[in-house]
Amino acid sequence: MSAPHEEKRIGRGVFLATVAGGIGSLAFGKSVWSHFSGAVSPIASTLAPFLPKGGWRIYTVTGSIPPFDRSTWRLDVGGLVDHPMTLSYDELRALPRVNQISTFHCVTGWTVKNVHWGGVRLSDLMDRVAPTSYAGAMQFLSAETPYIDYLSLPEARLHDVMLAYEMNGEPLRPEHGAPVRLVIPDMYGYKNVKWLKGINLVHEAGIGYWEALGYDRDAWVGRSNGYT
Amino acid sequence: MTRYLRRFSRTERLIHWVNAIGFFFLLATGLILYLPSLSILVARRQLIQEMHFWCGVGWVSALVLIALLGDRRGLLRTARELDGFDGDDFRWLRRERPAPQGRFNAGQKINASLNAAFMVLFLVSGLLLWFGEQNTRLRFASTVLLHDGLMYAALVLLVGHLYLAVIHPATRHSLRGMTLGTVDERWAREHHSKWAEEQGL
C-alpha cells in the first residue's frame, strides 16, 4: 500500500498496454476477435438495430444504387456465343432454379456466413448460349457503370457459381444487387458483381474495376490479395 | 459571492474541443460507411470514404499542431498529472472514501489514457485500411475489426463522459471548466480537494 504522496506511473501503462493490445490484435488475427465477439453477442443482439444487418456492409462505387424496373429490365448474354439471349426478369426466373447456402467473404475482412441464395447456375446459362471455341472468359457488366469484372470459363463453371435473384428467401434487395448478382463463394466479394445487366463471352479475362485499383484478378478467398 | 478557480488553459480547452468536433464528424461519416441503412440513404461511398479519411488525418494533425504551437510546458505538466496515481487515486478506484483528488480524479486519468491510446489505434488501423487498398502487404484480416471495435469502445467512453459532463448533478459543473476555463471554488474543494489546496484554498 503506497503512501498518499507516493506516485506510481500508471497512466502511461494503461496507454501503452491498450496500444500494444490493439496493434497485437492485428497479428493474433481473427481468432481472438471471433472469440471476443462471441462473448459480447448478448450485447450485440440488444444493439441489433444499430448494427450492420446480418454483418453486411454495402459498397457502391458510384453515388446511387441502380434502379430496377421489372417491366423494362433485361439481361443481355452475348459476345462469343452461338445463341445470344436477352432475358427479361420473368424469363430469368423461369430458368431452372437452384438454391445454395454459402459464405460471403469481403476482401476488407468481414464475412457473412450461411447466406441462402436462390437463382440460376452460371454453367447452365453458359450451356444455353453455347460459347464459341474462341471464348475463354466471361465479362460481367454492372448497371453501376463503370463496374465490370471477369471470370475465366473454368472459374465460371465452378459448381457453386450462380446468378442469384433471391437472398435469404426474399427477392434480392436493391443494396445487394437487385434484381440479380453474381455469386462465386470461393472468391472475394468484389468478384460477386451486383446489379448485373450484361454478360459477354470474350476471348480472355480483362481487368476488373477493383483489379485496376490493385486487387488480384484471381480473388480466391484466403489465397489472394496478401492473404495466405 | 462565488469565486472561481482556473482549471483548464486555453490550449487544453482548444485540444478538447477540436478532439470532440473531429470525433463527431468521424463518427458520422464512419457510421455512413458502416451501417447499411445509412449507406443506402447517402450512397456516394467513395466521397464519404475520402471525407472520413481526410478528416481523420486532419483530426490528428490539428491536435499535434495545437500541442506544438500552444502551451507545451503546461501540456507536459498535465500529462504528468494524468500519468501519476497516488494512494488516494487507488483508494478512489476501490470506492474507498475519503480519497481526496487532484485536478483530475483517477477515473478521468484512466479515461484520458484510454482516449489517447484509441486515437493512436484509430490512426494506425485507419491508415492500414486506406493504404491496404493499394498495397497488399498492409492488408490484415482483422484491421477492419480493430477499427470497428475501437469505435464501440470509444462510444462507451463518450456516453459515460457526456453523462458525467452534462447530466449527472454532482459533476456537471465541470462543463464550465472546459468551456470558460474556471470552476466554482466550493465545487473544486468538494471534488478535487488536493488540487484546491495546492491552489491555496
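User: Helices (H or I, at least four residues) and strands (E, at least two) are DSSP runs numbered from the N terminus; so at what angle do H3(B) and H6(B) pack?

Analyst: Helix H3 (residues 45-69) and helix H6 (residues 106-132) of chain B pack at an angle of about 145°, and their axes are 11 Å apart. Axes are lines fitted to C-alpha atoms, for helices over the stretch in contact, with angles from 0 to 180 degrees between N-to-C directions. This is a predicted model, in which local features need pLDDT of at least 70 and side-chain atom pairs count only at pLDDT 80 or more, while totals for chains, interfaces and linings use all residues. Residues are numbered from 1 along each chain as its sequence is written, and chains are lettered from A and ligands numbered from 1 in the order in which they are written.

User: Which residues make that contact between H3(B) and H6(B)?

Analyst: H3(B) contributes B:Phe53, B:Gly56 and B:Val60, while H6(B) contributes B:Met119, B:Phe122, B:Leu123, B:Gly126 and B:Trp130, where contact requires C-beta atoms, placed from the backbone, within 7 Å. By class, six of these residues are nonpolar, two are polar and none is charged; Ala, Val, Leu, Ile, Met, Phe, Trp, Tyr, Cys and Pro count as nonpolar, Asp, Glu, Lys and Arg as charged, and the others, Gly among them, as polar.

User: Now chain A: in what order do the strands of the open sheet run?

Analyst: The five strands are ordered E3-E2-E11-E6-E7 in chain A, with mixed pairing, and two strands pair if DSSP finds at least two bridges between them. Because E3 (85-88) and E7 (148-152) of chain A each have a single partner strand, they stand at the edges, and one side of each has no neighbour in the sheet. On average, neighbouring strands are turned by 15° against each other, direction ignored.

User: And how many bridges join E6(A) to E11(A)?

Analyst: Six bridges join them, in an antiparallel arrangement, and A:Met138 stands opposite A:Leu201 in E11(A). Strand E2 (residues 74-79) of chain A runs parallel to E11 (residues 196-202) of chain A, with four bridges, and there A:Gly79 has A:Leu201 as its bridge partner.

User: Which members of the largest nonpolar core touch the most others?

Analyst: In that core of 45 residues they are A:Met138, A:Met162, A:Leu163, A:Ala164, A:Val180 and A:Leu196. Strand E8 (residues 162-167) of chain A gives the most, with five residues. Beyond its neighbours within four places in sequence, A:Leu196 is in contact with residues including A:Leu75, A:Phe140 and A:Val180.

User: Switching topic, how many residues does each chain put into the contact between A and B?

Analyst: Chain A supplies 43 residues and chain B supplies 37 residues. On the side of chain A that touches chain B, helix H1(A) gives the most, with ten residues, and by class this side has 19 nonpolar, 15 polar and nine charged residues. Strand E1(A) also pairs with strand E2 (residues 84-85) of chain B, antiparallel over two bridges, and A:Lys8 has B:Phe85 as its bridge partner.

User: Last one: is B:Pro98 buried or exposed?

Analyst: B:Pro98 counts as exposed because it has 9 other C-beta atoms within 10 Å, where 12 or fewer means exposed, 20 or more means buried, and values in between mean partly exposed. B:Pro98 lies in the loop between helix H5 (87-93) and H6 of chain B.

Methods:
Contact = placed C-beta atoms within 7 Å. Core = buried A, V, L, I, M, F, W, Y, C linked by C-beta atoms within 7 Å.
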